[in-house]
Amino acid sequence: MPHTSPAGKSGNHRPHTRQEVPSGHDPFMEEVLTGLSQPQKQLPCKHLYNDTGSRLFEQICSLDEYYIPRTEAAIMESCIGELAGIIGPQARIVEYGSGNCEKVRFLLDRLPRPAAYVPIDISGPTLLAAAGSLAAQYPGLEVLPVTADYTSQITIPNTSGAIGNTIVYFPGSTIGNFQPQEAVRFLSSMAQVCGPKGGILIGVDLEKDTRVLHRAYNDSHGVTAAFNLNLLDRLNREAGAGFEPDGFAHRAIYNPFAGRIEMHLTSLRKQAVHLDGHTIDFAPGETIWT
């Protein structure tokens with residue numbers, strides 16, 4: 001059974017983490033092999049966020065071309081009075097895909113006496129470092145990090161004190177990474193976490209000029225390309241794959257039929273990649289949808 005560490009002492013809460021118990025199979029390898037066996041090869045976007053990927057994504061968020069963080073911050077600033085009134089005092093904030101825990105500071109600084117913060121992220125070292133820093137700066141806040149894939153079933157740790165509403169915080173328009181049926185299941189799981197009196201605070205990007213989108217996901221500094229290509233390095237290190245990163249190129253395109261940006265890794269030549277006893281063939285121009 002997963003173990004949840006007890007809460008810290010009042011007024012000086014130290015972050016704790018709940019680790020998943022490994023099962024008899026490797027879900028990472030299973031997901032990779034299943035995805036690369038599809039007619040349109042694909043890999044779950046969650047695998048972009050290892051330690052290196054998480055650091056690269058932080059750099060992306062500071063790029064001029066990547067408008068989402070600035071736009072979202074402006075919306076939050078203009079609406080925070082109304083949001084604070086709806087959320088209420090002693091709230092428990094559960095953030096999915098918390099990364100470096102920077103965005104939640106806006107809420108923590110403006111909500112009336114938030115009681116607890118539960119950051120959930122797949123990158124354990126990044127999460128624990130960020131949660132530790134946050135706990136030190138907010139000594140009256142109970143910080144309970146959970147290292148997990150937030151698309152799986154997650155047990156939210158119990159808090160030591162009384163809480164008001166539970167708010168699931170999911171900024172950044174990440175909901176756009178889900179297929180419609182997946183999004184419905186995911187939002188339903190969020191609703192179970194926040195309960196009938198809680199709520200979901202979620203970022204959703206709107207369709208806009210494709211030139212704006214192209215610049216945002218094909219930045220001039222090549223950071224998004226490095227972020228995407230890092231997935232191949234991760235597969236080589238962690239799964240013993242034989243990808244040659246210089247044999248692939250980052251490509252981000254707007255899909256007008258689905259109304260979304262798609263990131264791909266495009267094979268630059270005919271090649272074969274060996275992975276866990278399997279051979280995966282690539283034609284020139286064939287892509288992995290990440």
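# Exercises on a predicted model

The side chains of R269 and E244 form a salt bridge, with 2.6 Å from N to O. The structure is a predicted model, and the exercises below start from this pair.

**Exercise 1.** Find where R269 and E244 lie, and state which parts the pair ties together.

Solution. Step one: R269 is in the loop between β8 (260-267) and β9. Step two: E244 is in the loop between α8 and β7 (248-255). Step four: R269 has a relative accessible area of 32% and is partly exposed. E244, at 42%, is partly exposed as well.

**Exercise 2.** How many salt bridges does a search of the whole structure find, and where does the one between R110 and E77 sit?

Solution. Step one: the search of the whole structure gives 12 salt bridges. Step two: in the bridge between R110 and E77, the closest N and O atoms are 3.7 Å apart. Step three: R110 belongs to helix α4 and E77 to helix α3 (residues 68-87), so-called distant parts of the chain, 33 residues apart. Step four: the relative accessibility of R110 is 35%, which counts as partly exposed. For E77 the value is 45%, again partly exposed.

**Exercise 3.** R260 and E262 also meet in a salt bridge. Classify each residue as buried, partly exposed or exposed.

Solution. Step one: the N to O distance of this pair is 3.0 Å. Step two: the cut-off for buried is under 20% relative accessible area. Step three: R260 has 21% and therefore counts as partly exposed. Step four: E262 has 8% and therefore counts as buried.

**Exercise 4.** Describe how helix α2 and helix α8 are arranged.

Solution. Step one: two packed helices are described by the angle between their axes and the distance between the axes. Step two: α2 covers residues 51-61 and α8 covers residues 223-239. Step three: their axes come within 9 Å and cross at roughly 160°. Step four: because of that angle, α2 is roughly antiparallel to α8. Step five: the crossing of α2 past α8 is left-handed.

**Exercise 5.** What is the phi of R113 and of D276, and in which loops do these residues lie?

Solution. Step one: phi of R113 is near 50°, a positive value in a residue other than glycine. Step two: R113 is placed in the loop between α4 (104-110) and β2 (116-121). Step three: with a relative accessible area of 54%, R113 is exposed. Step four: phi of D276 is near 50°, also positive in a residue other than glycine. Step five: D276 is in the loop between β9 (271-275) and β10 (278-282). Step six: its relative accessibility of 48% makes D276 partly exposed.

**Exercise 6.** Which residues form a nonpolar patch on the surface, and where does I202 lie?

Solution. Step one: the patch consists of L187, I200, I202 and V204. Step two: together they have about 290 Å² of accessible area. Step three: I202 is in strand β6 (residues 199-202). Step four: I202 is partly exposed, at a relative accessible area of 30%.

Notes
Residues are numbered from 1 along each chain as its sequence is written. This is a predicted model: local features need pLDDT of at least 70, side-chain atom pairs count only at pLDDT 80 or more; totals for chains, interfaces and linings use all residues. Side-chain values use heavy atoms; hydrogens and water are left out. Patches are made of residues with over 30% relative accessible area and no salt bridge: like charges are joined within 9 Å, nonpolar side chains (Val, Leu, Ile, Met, Phe, Trp, Tyr) within 5 Å. Accessible areas come from the Shrake-Rupley method with a 1.4 Å probe; for residues, only the protein chains shown count as cover. A salt bridge is a side-chain nitrogen of Lys or Arg within 4 Å of a carboxyl oxygen of Asp or Glu. Helices (H or I, at least four residues) and strands (E, at least two) are DSSP runs, numbered from the N terminus. Buried means under 20% relative accessible area, exposed over 50%, partly exposed in between (1.4 Å probe, protein chains only). Axes are lines fitted to C-alpha atoms, for helices over the stretch in contact, and angles run from 0 to 180 degrees between N-to-C directions. Angles under 35 degrees count as roughly parallel, over 145 as roughly antiparallel, 65 to 115 as roughly perpendicular and the rest as oblique. A crossing is left-handed if the near helix is turned anticlockwise from the far one by less than a right angle, and right-handed if clockwise.
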